[in-house]
Amino acid sequence: MSDLTLSSTTSSSNVRARRGFGRVVFYLTIFVMCLMLILPVIAFFINAFAFRWFYPQFVPNEWSLQAWERLRLIPRAGDRSLEGFISLWASVPDVVSALGLSLFIGAVVTGFSIIIGLPAARALGLYRFRGKRIIEFMVITPTIVPPIAFSLGLNINFIRWDLALEAAGFPLDLSGSIIGVSIVHLVPVMPYVVLTLSGVFANYNPDFEAQARSLGAGPVRIFWDVTLPAILPGLFVAALFAFLVSWSQYLLTFLIGQGRVITLPMLLFAAAGSGNNAVIAALSLIFIAPAILILLVASRFLSGESSAVGGFGRV
Amino acid sequence: MMKLKRTLGAVLVAAATAVGSGAWAQDLPGFSSWDEVVEKAKGQTVYWYMWGGSDAINGFVDEFYGKPLKEQYDITLNRVPLADTVDAVNQVISEKEAGATGDKGTIDMIWINGENFFTLRQADLLYGPWAEGTPNSALVDWSNPAVNLDFGRPVDGYESPWSSAQFHFVYDSARLKEEDLPRSYAALGSWIEANPGRFTYMAPGPGAFVGTRFVKQLFFELSGGHDQWVGPFNQELYDKWAPEVWKTLLAWKPNLWREGETYPAGNAELRELFANGEVEFDFTQSPSGAAPNINAGLIPPTSRAFAFDANLIGDFNYLAIPFNAPNKAAALVTANLVLRPDRQAAQVQPANGFCCGWGIDVNKVTDPAGKEAIAVAMQNLGDAAADPNRLAAALVSDIAAEYQSKIEADWQKYVLRGEPLPN
């Protein structure tokens, strides 16, 4: 009996020790991972406000807003009154217009990618049919083929179509326009949207739709009240991917936009060549801010507990 | 009052045309008079494609060209920032391939020189000749080979100068004394030997023409002078001196930064090494010397520029108009504005943020307002710039473009990779 008690206490304390050790490892891992994610952002912050930060200073001796002045987001010293800010921002600094354009294109691309991707994902997720593998492969090819391989040719074709459309009396610019850039952003965006959503539909049970139909619901009502709530978390994740992929496009925007469609990555790449670390860091902060914001908002959909990946199948 | 009005009028007329006569050296294709150009340019937008890596230059362009274009000519300036000028060249080539001719292109003007100009010129993708046809082009010294040749190739009126640059060096006056500075490649060699690990240069190669220029100048010094290198590419001359150059650079190698195993790839990298005190010299192309980078906080405020006694390559950079530019009139007006004496005086002052020096010959300016602006600018160069007289004394022109690729390839082979020299 005492033996038993002893052994049972030993084993339970062993378990506790293991648990304690496991917990340490667990939290240490979390800590290191967070550090890896946060450290670069901290480095950006320091660089964006540092001035004359040379070796051997470990932390900058001088701080300044000159990078933000150079980006024309903050008025020069002496003009930092409310009027100064208003008149500076009223002139729409390049960074502000680029930010707005990036957000606009990202939203448009996200919307269209969902509209195009939803039916495709439903078919791929729910049905088995001949040639499904080939179609799946074709859907993901844009992630394999480098953009430069198709965008140069695509640009020439866009210019040709523009000329043909103009000759036919429909002047519509694809090349060098926001429309053209949005269309071409769909190329790298679609694989992510279709893959994410087809995963959702793989776990989706269409019998719920049949049930609703038998109760007299029309197609719109079924989509709105049955399908949409079931796939909403997955839809959110797909939209997030779509937005972020569009948000970070440089090469496609440059080639199809011909340098006229100036999104944030365009400014970032141009600045990166200058070697002014403060300006690059400040621009980078502006570039990653919306991404981080969206990620925070969406985090509950991304966690394992959500039904983003499970859909109806797990309920 | 009357007098003031008359003076003001005279200034305005002079500023608008700079040379009143309107006698042109060249016709502008597609236009019958300058007045017609200015008239047609009204309400146009000029899409100006230019390297956009410097916010200081971007700001200068918007402030000193964008505003007067709008106010005086009703032209909207749309500056398109490029990470590399070759992107604009590829765009024009794509448009040509797609059949976008006439005025169906997208680019009105490109800030250009060297290889990019040559590529477009060779493919006959530039509008022109026009550069000697704008009123203010009379202020350009077209007889100067540094102006009428771009990397050794004739400009032929297909590009109009904007500004000039000359290779020289930057040091930190807090670390080195002015009298200890090397003033020739020979002296630099001794300095490197005495200060191991404290010098490096940019690897010559595409995108680092300043590094190539540094090596080219060594050719001039070793061969006893620049004169023999002027003119078309001379294989014999190159073969005679190239081994000497590689031998010299190889002799430096063990005493270079990181023992010459690696070299900074571009301006920004060398500047960062200099700013962090890893090496003692930076290169500059700006007549304002160290000032622009001091203002940006990129190098220590005690940095100063200095020149060798001879063989420092200077050149001009230009504005070109693609054959299919949709707003040629507005581009011409802009190119003309850039050469106006008061704009030229603004661009050389470090405080205004632009990189480079005069595009015009200041001695050709005759109107009093322009002369006054130039005199003021001369006073404001700042003490971070090298002595303009020393720079002028060392000035030589760049040489045929073929040397560039030859030097870059051979440097990689013999100096970087250390392959045995031929015989």
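Begin by selecting S164(B) and F316(B): S164(B) stands opposite F316(B) in strand 10 of chain B. The model is predicted; local features require a pLDDT of at least 70, side-chain atom pairs count only at pLDDT 80 or more, and totals for chains, interfaces and linings use all residues. Residues are numbered from 1 along each chain as its sequence is written, while chains are lettered from A and ligands numbered from 1 in the order in which they are written.

Next, select residues 312-320 of chain B, which form strand 10. Helices (H or I, at least four residues) and strands (E, at least two) are DSSP runs, numbered from the N terminus. Is this strand mostly covered or mostly uncovered? Strand 10 of chain B is mostly covered, with nine of its nine residues buried. A residue is buried if 20 or more other C-beta atoms lie within 10 Å of its own, exposed if 12 or fewer, and partly exposed in between, with C-beta atoms placed from the backbone.

Display the side chains of the strand. In a regular strand the side chains alternate between the two faces of the sheet. Here L312(B), G314(B), F316(B), Y318(B) and A320(B) point one way, and I313(B), D315(B), N317(B) and L319(B) point the other way.

- Strand 6 (residues 160-166) of chain B runs antiparallel to strand 10 of chain B, and six bridges join them.
- Strand 3 (residues 109-112) of chain B pairs with strand 10 of chain B in the antiparallel sense over three bridges; I112(B) stands opposite Y318(B).
- Strand 11 (residues 395-396) of chain B runs parallel to strand 10 of chain B, joined by two bridges; L312(B) stands opposite L395(B).

**The two domains of chain B**

Colour residues 31-164 and 315-385 of chain B as domain 1, and residues 166-313 and 393-416 as domain 2. These bounds come from an automatic or database domain assignment. The C-alpha centres of the two domains lie 28 Å apart. Their contact takes 22 residues from domain 1 of chain B and 22 residues from domain 2 of chain B, where two residues are in contact if their C-beta atoms, placed from the backbone, lie within 7 Å. On the side of domain 1 of chain B that touches domain 2 of chain B, select helix 5 (114-122) and helix 6 (145-148) of chain B, each of which supplies at least two residues. Helix 5 of chain B gives the most, with three residues.

**Chain B as a whole**

Zoom out to see the 16 helices and 11 strands of chain B. The C-alpha trace of chain B spans about 70 × 55 × 35 Å along its principal axes. Of its 423 residues, 50% count as buried.

Chain B averages 90, and 94% of the residues score at least 70. Which elements of chain B have the lowest and the highest mean pLDDT? Helix 1 (residues 2-17) of chain B has the lowest (43), and helix 7 (residues 185-194) of chain B the highest (98).

**Where chain A meets chain B**

Finally, show both chains. The contact takes 30 residues from chain A and 31 residues from chain B. On the side of chain A that touches chain B, helix 6 of chain A contributes the largest share, six residues. The model scores ipTM 0.80 and pTM 0.83.

Definitions and conventions:
Pairing = 2+ DSSP bridges. pLDDT = per-residue confidence, 0-100.
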